[in-house]
Amino acid sequence: MKKILVTGGTGYIGSHTVVELQAAGYDVIIIDNLSNSNESVVDGIERISGIRPLFVRLDCNDTDGLRSLFTAHPGICGIIHFAASKAVGESVRLPLMYYRNNIVTLLNLLELMQEFGVEGIVFSSSCTVYGQPDLLPVTEDAPVKPAMSPYGNTKQISEEIIRDAIHAGLPFRAVILRYFNPIGAHPSAEIGELPNGVPQNLVPFITQTAAGIRPELQVFGSDYDTPDGSCIRDYINVVDLSKAHVTAMNRMLENKSDQPMETFNLGTGRGLTVLELINAFEQSTGVKVPYRIVGRREGDIEKVWANPEHANKVLGWTAQTSVEDTLISAWKWQQKLGRQQ
Ligand code: UD1
């Protein structure tokens with residue numbers, strides 16, 4: 001069985017990807033510092049797959065700890081690197097923490113990949129690298145725009161670090177996955193998003209409002225150049241997104257590409273406004289979401305959605321799940337969490 005290290009594997013996208021890796025026959029080792037997740041996620045993964053992944057509580061800033069892990073578990077052939085800080089607003093307040101957590105950790109992993117002969121890395125990037133694209137839907141060759149936050153900058157710098165390492169001929173391969181807006185939960189409701197405190201992202205805020213935990217949802221902006229004035233995003237089901245990681249890892253380990261580094265957009269190709277998403281939630285769950293339209297949120301992009309054709313053709317991957325089913329999965333997960341938040 002091929003061994004894969006998943007950093008941030010108890011996090012939102014990481015945990016769903018572990019399940020898909022296990023289903024594809026990989027032996028998974030999770031490392032996570034639990035700064036924004038919980039060890040009980042490992043139980044949820046086991047309940048879905050019937051296999052308990054090895055979990056080691058470890059921070060990717062801890063080089064000695066990482067080296068001990070690679071020594072204790074020889075033969076790790078691939079890494080999927082999710083571990084990172086991801087709150088845009090927080091990154092503006094705590095830039096150094098973001099550069100340490102998102103950049104230093106990547107450097108540590110790349111150095112250890114060389115040392116231990118790891119064949120490839122799949123890196124979690126974001127559509128944030130495009131800023132407001134000039135052309136929509138956005139393709140992978142669209143220009144990278146100046147970052148609007150330290151968080152966004154860490155994704156751009158990380159991509160550059162990996163590109164430079166590959167160009168220098170370092171002996172590994174890389175796949176950069178640029179996520180659009182991942183939403184939803186595993187249909188079993190065994191794993192899902194666990195936002196820390198007040199959610200910053202739209203769907204956890206919708207589900208918490210629908211559950212009565214928050215009195216109302218604020219819709220940021222009504223004067224954008226969109227059909228109803230609210231922003232447009234490409235909301236992608238988290239399980240669909242996770243499957244793309246497995247396909248990317250298979251392709252890399254089977255040496256199917258003649259390029260040592262490839263970049264893919266992971267989205268549905270369809271943009272929805274905030275109001276359309278709220279409406280889809282209400283229609284598919286039958287639950288009302290009290291909301292109020294307020295002013296724009298600083299730093300928000302007006303509209304962005306993916307052209308996912310490159311991933312469709314090269315990875316043979318397509319987003320499959322409807323937004324309605326995805327929102328139902330998010331609601332099911334929220335109901336399971338109850339009023340804990
Ligand atoms: C942004 C980044 C994404 C990054 C993520 C990290 C872009 C295009 N996307 O996602 O790459 O990974 O931050 O958190 O830069 N909204 C409301 N009310 C709310 C919350 C959100 O109206 O309470 C609206 C926002 O204005 C936005 C949409 O919902 O239009 C989605 O917001 P959110 O879920 O926070 O994700 P992004 O900001 O798109």
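Helices (H or I, at least four residues) and strands (E, at least two) are taken here as DSSP runs, numbered from the N terminus. Before going on, a word on the model: it is predicted, so local features need pLDDT of at least 70 and side-chain atom pairs count only at pLDDT 80 or more, while totals for chains, interfaces and linings use all residues. Residues are numbered from 1 along each chain as its sequence is written, and side-chain values use heavy atoms, with hydrogens and water left out.

Back to E46. Its relative accessibility is 32%, which counts as partly exposed; buried means under 20% relative accessible area, exposed over 50%, and partly exposed in between (1.4 Å probe, protein chains only). Setting aside residues up to four places away in sequence, E46 touches I51 and R52, where contact means heavy atoms within 4.5 Å.

The crossing is right-handed, meaning that the near helix is turned clockwise from the far one by less than a right angle. On the α1 side the contact is made by S15, V18, V19 and Q22, and on the α2 side by V41, I45, I48 and S49. Those residues divide into five nonpolar, three polar and no charged. Ala, Val, Leu, Ile, Met, Phe, Trp, Tyr, Cys and Pro count as nonpolar, Asp, Glu, Lys and Arg as charged, and the others, Gly among them, as polar.

Next up is α5 (residues 95–116). Its 22 residues should span 32 Å at 1.5 Å a residue, and its end C-alpha atoms are 31 Å apart, which agrees; the expected span is 1.5 Å times one less than the number of residues. Buried residues of α5 include Y98, N102, L106 and M113. Among the elements covering the buried residues are β1 (3–7), β4 (76–81) and α6 (150–167).

R178 sits in strand β6 (residues 173–179) and is buried, with a relative accessible area of 4%. Its side chain and that of Y130 are joined by a polar contact of 2.9 Å, that is, a pair of N or O atoms within 3.5 Å, where within protein one must be able to donate a hydrogen and the other to accept it, and residues adjacent in sequence count only if both atoms are side-chain atoms. Beyond its neighbours within four places in sequence, R178 is in contact with residues including E140, E159 and N265.

Most residues other than glycine have a negative phi, and most peptide bonds are trans.

| Residue | Phi |
|---|---|
| G117, following α5 | near 65 degrees |
| A189 | near 60 degrees |
| N255 | about 55 degrees |

A189 is in the loop between β7 (181–183) and α7 (202–210), and is buried at 5% relative accessibility. N255 is in the loop between α8 (238–253) and β11 (261–266). The peptide bond from L136 to P137 is cis, with omega near -5 degrees, and P137 lies in the loop between β5 and α6.
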